[in-house]
Amino acid sequence: MKLILLGAPGAGKGTVAKQLTKLDGSVQISTGDILRGAVQAGTELGKEAQGYMDRGDLVPDSLIMGIMEGRLQEDDCKSGFLLDGFPRTIPQAEALTELLTKLGISLDMAVDIDVPRDVIFDRLCTRRTCENSDCQAIYNIKSMPPKKEGICDKCGSAIVQRADETEAAIAHRLDTYTEKTAPVAGFYEKLGLLKSITGTSSDVVVDGIQKALGN
Ligand code: AMP
């Protein structure tokens, strides 16, 4: 499948993407994971992106399109992809449309995962992430803690609170989402590609996506 997963930070895009990859081998592409990996590796991209990310601001569109132009042409995308956290602005959505046309790829759907803001705020404040950039497994200290406190079940690295998941940064990220990213759903609605799903459970969302795809 070739999907875009839209929705606020904390709406569950990453969890849904991971579940979907198991269904047909589509690959999850998270621009947030790619950027955090670059910050940890200390690359030029990471150095440029870090300040924006720590403040909860969006990284400039040109940097994101530079990443995605290469990433979408990698071999593993041929079996399908789930775009998680991209596009996040109208200019990114426009540039993606142009890029996909150039590559001869057509999207199946853009899924907007709709979750109430108070649920999202609570989720993000209690979310923890594996600090290993090759893992980045997600936990929640209330609903899904690791077996051993502070240690990733999957790779044994430390799990940490992201710099952009303090209360102030979260509030700012959600405001940025409302202003810049929420309109992207309208962009795909006009193209007849939008499917909105309200749901706080990833199983419900995955089910809704499969039904919408006719599976
Ligand atoms: P995420 O893990 O998707 O919440 O992304 C973490 C941070 O990375 C965001 O708050 C932005 O600073 C940056 N980021 C990720 N994806 C994008 C994007 N498509 N456009 C701009 N900034 C992005």
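Arg 173 counts as buried because its relative accessibility is 8%, buried meaning under 20% relative accessible area, exposed over 50% and partly exposed in between, with a 1.4 Å probe and protein chains only. The structure is a predicted model, in which local features need pLDDT of at least 70 and side-chain atom pairs count only at pLDDT 80 or more, whereas totals for chains, interfaces and linings use all residues. Residues are numbered from 1 along each chain as its sequence is written, and side-chain values use heavy atoms, with hydrogens and water left out.

The side chain of Arg 173 meets that of Asp 164 in a salt bridge, at 3.8 Å from N to O, the term denoting a side-chain nitrogen of Lys or Arg within 4 Å of a carboxyl oxygen of Asp or Glu. Asp 164 is buried, since its relative accessible area is 10%. Salt bridges with shared partners link Arg 173 and Asp 164 with Arg 127, Arg 162 and Glu 165 in one network. Arg 162 and Glu 165 form a salt bridge whose closest N and O atoms lie 3.6 Å apart, and both of these residues are buried. The count of salt bridges by this rule is 15.

A further salt bridge joins the side chains of Arg 71 and Asp 76, with an N to O distance of 2.8 Å. Arg 71 is classed as buried because its relative accessibility is 15%, whereas Asp 76, at 33%, counts as partly exposed. Arg 71 also belongs to the contact between two helices (contact meaning heavy atoms within 4.5 Å), in which Thr 31, Ile 34 and Leu 35 of α2 meet Ile 64, Ile 67, Met 68 and Arg 71 of α4. Helices (H or I, at least four residues) and strands (E, at least two) are DSSP runs numbered from the N terminus. The axes of α2 (residues 31–41) and α4 (residues 61–71) come within 11 Å and cross at roughly 105°. The two helices are therefore roughly perpendicular, a class that spans 65 to 115 degrees, with angles under 35 degrees counted as roughly parallel, over 145 as roughly antiparallel and the rest as oblique.

In helix α1, the buried residues are Lys 13, Val 16, Ala 17 and Leu 20. These residues lie on the same side of α1, because they cover an arc of only 100° around the axis. Elements covering them include β1 (2–6), β2 (27–30), β3 (81–84), β4 (109–114) and α8 (202–212). Just after α1, Gly 25 adopts a positive phi of about 80°.

Key. The arc is that of the directions from the helix axis to the C-beta atoms. Axes are lines fitted to C-alpha atoms, for helices over the stretch in contact, and angles run from 0 to 180 degrees between N-to-C directions.
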